[in-house]
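The following note sets out numbered points on the model shown below.

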Amino acid sequence: VEYGRRRAGELGLSERVTFKRQSVEAFLREGTLRETVLLDPPRSGSRPTAESCRPEEVRRIVYVSCNVATLARDVKILADSGYELEHVSVIDMFPHTQHIETVAVLSACDSERG
């Protein structure tokens, strides 16, 4: 978070980018969702965030996951709420193990497309 803040300042983005490190529960209680949210939850996923995100508030979600099962569950919740899965990348960060990282990008569906 500190590096992100420092780098945003160097790039002149301090007014446009916010970095926070806190629990999802505390973040949601603040009611300060942004246009783009980066999620990197534990293996248990991010059901509370998925259930709280609304396309009219959060237009894009970048979801980093180390558990394909919880990612699929949360993407289903988000799709049912009006998001569309745009892109998925799989990254083998730990060769010779069963662990993979997945990055999914979801965007709010346009109302005319449904």
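1. Two strands are taken to pair if DSSP finds at least two bridges between them. Helices (H or I, at least four residues) and strands (E, at least two) are DSSP runs, numbered from the N terminus. With these terms in place, His87 has Val105 in S4 as its bridge partner. Strand S3 (residues 83-91) and S4 run antiparallel and are joined by 8 bridges.

2. The model is predicted, so local features need pLDDT of at least 70 and side-chain atom pairs count only at pLDDT 80 or more, whereas totals for chains, interfaces and linings use all residues. Residues are numbered from 1 along each chain as its sequence is written, and side-chain values use heavy atoms, with hydrogens and water left out.

3. Overall architecture. The protein has 4 helices and 4 strands, in the order α-α-β-α-β-α-β-β from the N terminus. Its C-alpha atoms fill a box of roughly 40 × 40 × 25 Å along the principal axes. Of its 114 residues, 31% count as buried (under 20% relative accessible area, with exposed over 50% and partly exposed in between; 1.4 Å probe, protein chains only). Contact means heavy atoms within 4.5 Å; among contacts between residues at least 6 apart in sequence, 55% join residues at least 24 apart.

4. Strand S4. In S4 (residues 101-108), 7 of the 8 residues are buried, so the strand is largely enclosed by the rest of the structure. Ser107 is found in this strand and is buried, at a relative accessible area of 9%. Neighbours within four places in sequence aside, Ser107 is in contact with Arg59, Arg60, Gly82, Tyr83, Glu84 and Glu86.

5. Strand S2 and Val64. S2 pairs with S4 in the antiparallel sense over 6 bridges. Val64 lies in S2 (residues 60-65) and stands opposite Val103 in S4. Val64 is buried, with a relative accessible area of 17%. Not counting residues up to four places away in sequence, Val64 touches Leu38, Leu39, Asp40, Pro41, Glu101, Thr102 and Val103. Ser14 is 50 residues from Val64 along the chain, and their C-alpha atoms are separated by 23 Å.

6. Thr70. This residue belongs to helix H4 (residues 68-80). Is Thr70 buried or exposed? Thr70 is buried, its relative accessible area being 11%. The side chain of Thr70 reaches the backbone oxygen of Arg43 at 3.0 Å. Beyond its neighbours within four places in sequence, Thr70 is in contact with Arg43, Ser44, Gly45, Tyr63 and Ser65.

7. The largest pocket. About 770 Å³ of space lies in the largest pocket. Of the 23 residues lining the largest pocket, the closest to its centre are Thr18, Lys20, Phe27, Val37 and Leu38. Helix H2 (24-30) and strand S1 (36-39) are the elements that give two or more residues to this lining, and S1 gives the most, with 4 residues. A pocket is an open set of points on a 1 Å grid over the protein atoms alone, where a 1.4 Å probe fits, with protein on both sides within 12 Å along at least five of seven lines; lining residues have an atom within 4 Å of a point. Grid points are joined across faces, edges and corners, and the volume is the space filled by probe spheres set on the points.

8. Lining by class. The lining of the largest pocket has 12 nonpolar, 5 polar and 6 charged residues. Ala, Val, Leu, Ile, Met, Phe, Trp, Tyr, Cys and Pro count as nonpolar, Asp, Glu, Lys and Arg as charged, and the others, Gly among them, as polar.

Note on methods. Polar contact = N/O pair within 3.5 Å; in protein donor to acceptor, adjacent residues only side chain to side chain.
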